[in-house]
Protein chains: 2
Amino acid sequence: MTVTRVTNSIRALRFAHQEMTQADLATRLGVTRQTVIAIEQGRYSPTLEMAFQIARVFKVPLDAVFQYPD
Amino acid sequence: MTVTRVTNSIRALRFAHQEMTQADLATRLGVTRQTVIAIEQGRYSPTLEMAFQIARVFKVPLDAVFQYPD
DNA sequence: CCTCGATGTCAAATTTACCTGACACGCCAT
DNA sequence: ATGGCGTGTCAGGTAAATTTGACATCGAGG
């Protein structure tokens, strides 16, 4: 359960997109609902491939979804 | 050994930065040399956190290092 | 020729991401 | 009340990323 330093704006992006539900996002990504919850909560950082897919769902660049502070 | 769709420009970026060696990059990232090799060869896609760290080493945005086709 | 540094490869182990299935909670409607 | 929906959590698993250690190749220099 690696606490990652990467933060994200998934929750805001979901609501900005027709209040897309976590389950909806999960099926669009081809992952489970629990995975979406864990990523959204920053409990671990997703693979780069999944990060790209999430950005693609919301039609924004990757760094509009994920931020790496410092 | 997941064949990832994500491509990268790590090798070119290493040579553009004082011909930085794979071992040098590995120690800067805090990972092993084998990990750098595998990522550079696209044998699996790194975690998002490591992708951000790699981009930071080369002082370029993430999408200058990694590309997701389609 | 010999060595060294950079690169690559393999097997086996550990860690982390992700899955399956179940259950609990708060909300809003009926 | 109660039933569905969105959200969150937990335990136990599989798969993939990463580590460790060893060995092999190739090019450049001494």
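Which residues are linked with Arg14(A) in a network of salt bridges? In this predicted model, the network joins Arg11(A), Arg14(A) and Glu40(A). Because Arg14(A) lies in helix 1 of chain A and Glu40(A) lies in helix 3 of chain A, the pair ties together parts that are 26 residues apart in sequence. Both partners fall below the 20% limit under which a residue counts as buried, since the relative accessible area is 5% for Arg14(A) and 11% for Glu40(A). Side chains of opposite charge can pair when their charged atoms come close.

In chain B, the side chains of Glu40(B) and Arg14(B) meet in a salt bridge, with an N to O distance of 3.0 Å. Here Glu40(B) belongs to helix 3 of chain B and Arg14(B) to helix 1 of chain B, so that parts 26 residues apart in sequence are tied together by the pair. Glu40(B) is buried, with a relative accessible area of 10%, and Arg14(B) is likewise buried, at 4%. A salt bridge is also formed by Arg5(B) with Asp70(B), for which the closest N and O atoms are 3.5 Å apart. Arg5(B) is located in the segment before strand 1 (7-8) of chain B and Asp70(B) in the segment after strand 2 of chain B, so this pair ties together parts that are 65 residues apart in sequence. Arg5(B) counts as partly exposed at 40% relative accessibility, whereas Asp70(B), at 83%, counts as exposed. Over all chains, the structure holds six salt bridges.

Across the interface of chain B and chain A, however, zero salt bridges are found. The two chains bury about 1600 Å² between them, and 62% of this area lies on carbon and sulfur atoms. The contact takes 17 residues from chain B and 17 residues from chain A, and eleven residue pairs are in polar contact between the chains. On the side of chain B that touches chain A, the largest share, six residues, comes from helix 4 of chain B. By class, this side of chain B has nine nonpolar, four polar and four charged residues.

Helix 4 of chain B is largely enclosed by the rest of the structure, because eight of its ten residues are buried. These buried residues are Leu48(B), Glu49(B), Met50(B), Ala51(B), Phe52(B), Ile54(B), Ala55(B) and Val57(B). Their cover includes helix 4 and strand 2 (66-67) of chain A, together with helix 1, helix 2, helix 3 and strand 2 (66-67) of chain B. Just after helix 4 of chain B, Lys59(B) takes a positive phi of about 60 degrees.

The largest nonpolar core contains 42 residues, of which Leu62(A), Phe66(A), Leu62(B) and Phe66(B) touch the most other members. The elements that give two or more residues to this core are helix 1 (10-16), helix 2 (22-29), helix 3 (33-40) and helix 4 (48-57) of chain A, together with helix 1 (10-16), helix 2 (22-29), helix 3 (33-40) and helix 4 (48-57) of chain B. In soluble globular proteins, nonpolar side chains tend to be buried together. When neighbours within four places in sequence are left aside, Leu62(A) is in contact with Leu48(A), Ala51(A), Phe52(A), Ala55(A), Leu48(B), Phe52(B) and Leu62(B).

Terms used. Residues are numbered from 1 along each chain as its sequence is written. Chains are lettered from A and ligands numbered from 1 in the order in which they are written. This is a predicted model: local features need pLDDT of at least 70, side-chain atom pairs count only at pLDDT 80 or more; totals for chains, interfaces and linings use all residues. Side-chain values use heavy atoms; hydrogens and water are left out. A nonpolar core is a set of buried Ala, Val, Leu, Ile, Met, Phe, Trp, Tyr and Cys residues joined through side-chain atoms within 4.5 Å. Buried means under 20% relative accessible area, exposed over 50%, partly exposed in between (1.4 Å probe, protein chains only). Helices (H or I, at least four residues) and strands (E, at least two) are DSSP runs, numbered from the N terminus. Contact means heavy atoms within 4.5 Å. Buried area is the accessible area (1.4 Å probe) that two parts lose on being put together, summed over both. A salt bridge is a side-chain nitrogen of Lys or Arg within 4 Å of a carboxyl oxygen of Asp or Glu. A polar contact is a pair of N or O atoms within 3.5 Å; within protein, one must be able to donate a hydrogen and the other to accept it, and residues adjacent in sequence count only if both atoms are side-chain atoms. Ala, Val, Leu, Ile, Met, Phe, Trp, Tyr, Cys and Pro count as nonpolar, Asp, Glu, Lys and Arg as charged, and the others, Gly among them, as polar.
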